[in-house]
Amino acid sequence: MAERGRGHAATGLVNEKAAHLLQQVSRPVWTWDCVAIRAICATYYSAIPRPGQPDTLPWVSGGFPTTLNTYPSPRGIALREYGGHMTTKAYRNAELFLRNRYPTEGPWDIPIVHDPVNVTPEILRRTRWLPCSFTRRAETPQRKRWGVHHFVGDEHIPDIYRSPEKTFDKYAQYAVLLTPDNSTYREMPHYIQLRSVFESRWVGAFWQSRGLTVIPTVTWGDALSHTFCFCGLEKGTLVAISTIGCKTQFECRTNFMRGFIAMIERVRPRLILCVGTPFIEMYTYKVPIIVAPYKWPGRGVH
């Protein structure tokens, strides 16, 4: 019976102190007295991060660090963004829970990222682009005139969707922002691909609502993903794409071009920003393409 109680503690709590306390309880869970239960709850809730505190909580089993940014629950998001205190009613109506503030498109209610009409080909040609993993909280005046893209590995993309306020000040420094390039790999379940598109568009709509210059990033997976990956884009808008990762395999290149043709037909972009070297076939569709060399600081151009 004691083993059963300890197993419940390991799966139900993530605070080491609370787990240690539970391990001292030799009686079954249902026989604990009120004093023990209150002590356990007080220890657990004291671990919820407050503003200015790190949001890292250790796992009970192995002691490996984890953060609330790793697929957190909506409650974890609300606790972090709203100061750690939220009633049931406030949580029920919280913006970061409902995600329904911005105009949407399509049956999946994907937020719309408007065309940045102030961005011209001349501006794109003279803009230098910085990977998001090289952004800083206190930028130099020179780099504040640069743009930021997210064409990096997913592990290097900050979790802007789940912490929009926390990351806003850093990104607000830059002149132009591309929305996050959340991956839509063909081997992913289509729900995951759809969620990636929704989160990218939501971040773009959030930034635009705060007055930032935002270019929507467009990515796609297989043919079925074409039913939702172009939602949230205005007709004739400026879009950003990348050929990085599509050059070495014929199948990847073929799939990229299928999605590119579908984007041209459905979105009819006025201008395309391509991060990385475009394929020669892309120039046959008579849409202006501005090429931004894919360059990491201190590395070569791709």
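# Close-up views of a predicted model

**View 1. Cysteine 252 touches Arg186, Gly245 and Cys246, leaving out residues up to four places away in sequence.** Touching, or contact, here means heavy atoms within 4.5 Å. A quick word before going further: this is a predicted model, in which local features need pLDDT of at least 70, side-chain atom pairs count only at pLDDT 80 or more, and totals for chains, interfaces and linings use all residues. Residues are numbered from 1 along each chain as its sequence is written, and side-chain values use heavy atoms, with hydrogens and water left out. Cysteine 252 belongs to helix α10. Helices (H or I, at least four residues) and strands (E, at least two) are DSSP runs, numbered from the N terminus. With a relative accessible area of 18%, cysteine 252 is buried. Buried means under 20% relative accessible area, exposed means over 50%, and partly exposed lies in between (1.4 Å probe, protein chains only). Glycine 221 is 31 residues from cysteine 252 in sequence, and their C-alpha atoms are 9.9 Å apart in space.

**View 2. The protein as a whole has 10 helices and 11 strands.** Here is some background for the other views. Of the 302 residues in the protein, 47% are buried. Looking at contacts between residues at least 6 apart in sequence, 66% join residues at least 24 apart.

**View 3. Strands β9, β10 and β11 form an open sheet of 3 strands, in that order, with parallel pairing.** Two strands pair if DSSP finds at least two bridges between them. At the edges you will find β9 (238–242) and β11 (289–292), each pairing on one side only. From one strand to the next, the twist averages 25 degrees. Helix α10 (residues 250–267) packs on this sheet, where it touches β9 and β10, and its direction makes about 180 degrees with that of β9. Axes are lines fitted to C-alpha atoms, for helices over the stretch in contact, and angles run from 0 to 180 degrees between N-to-C directions.

**View 4. Strand β9 pairs with strand β10 (residues 271–275) in the parallel sense over 5 bridges.** To find your way along the pair, look for isoleucine 241 opposite cysteine 274 in β10. Serine 242 has valine 275 of β10 as its bridge partner. In β9, 5 of the 5 residues are buried, so the strand is largely enclosed by the rest of the structure. Leu238, Ala240 and Ser242 point one way from β9, while Val239 and Ile241 point the other way. Strand β10 is also largely enclosed by the rest of the structure, because 5 of its 5 residues are buried. Leu271, Leu273 and Val275 point one way from β10, with Ile272 and Cys274 pointing the other way.

**View 5. Another open sheet has 4 strands in the order β5-β6-β7-β8, with parallel pairing.** Its edge strands are β5 (129–131) and β8 (214–215), and each pairs on one side only. Strand β5 runs parallel to strand β6 (residues 147–149), joined to it by 3 bridges. One place to look is proline 131, whose bridge partner in β6 is histidine 149.

**View 6. Helix α8 (residues 164–171) and helix α9 (residues 190–209) have axes that come within 12 Å and cross at roughly 60 degrees.** The two helices, α8 and α9, are therefore oblique to each other. Angles under 35 degrees count as roughly parallel, over 145 as roughly antiparallel, 65 to 115 as roughly perpendicular, and the rest as oblique. The crossing of α8 and α9 is right-handed. That term is used if the near helix is turned clockwise from the far one by less than a right angle, and left-handed if anticlockwise. Pro164, Glu165, Phe168 and Tyr171 in α8 meet Trp202, Phe206 and Trp207 in α9. The residues of this contact divide into 6 nonpolar, no polar and 1 charged. Ala, Val, Leu, Ile, Met, Phe, Trp, Tyr, Cys and Pro count as nonpolar, Asp, Glu, Lys and Arg as charged, and the others, Gly among them, as polar.

**View 7. Valine 197 sits in helix α9.** Is valine 197 buried or exposed? Valine 197 is buried, with a relative accessible area of 3%. Setting aside neighbours within four places in sequence, valine 197 is in contact with Ile110, Thr184, Phe228 and Cys229. Proline 180 lies 17 residues from valine 197 in sequence and 9.2 Å from it in space, C-alpha to C-alpha.
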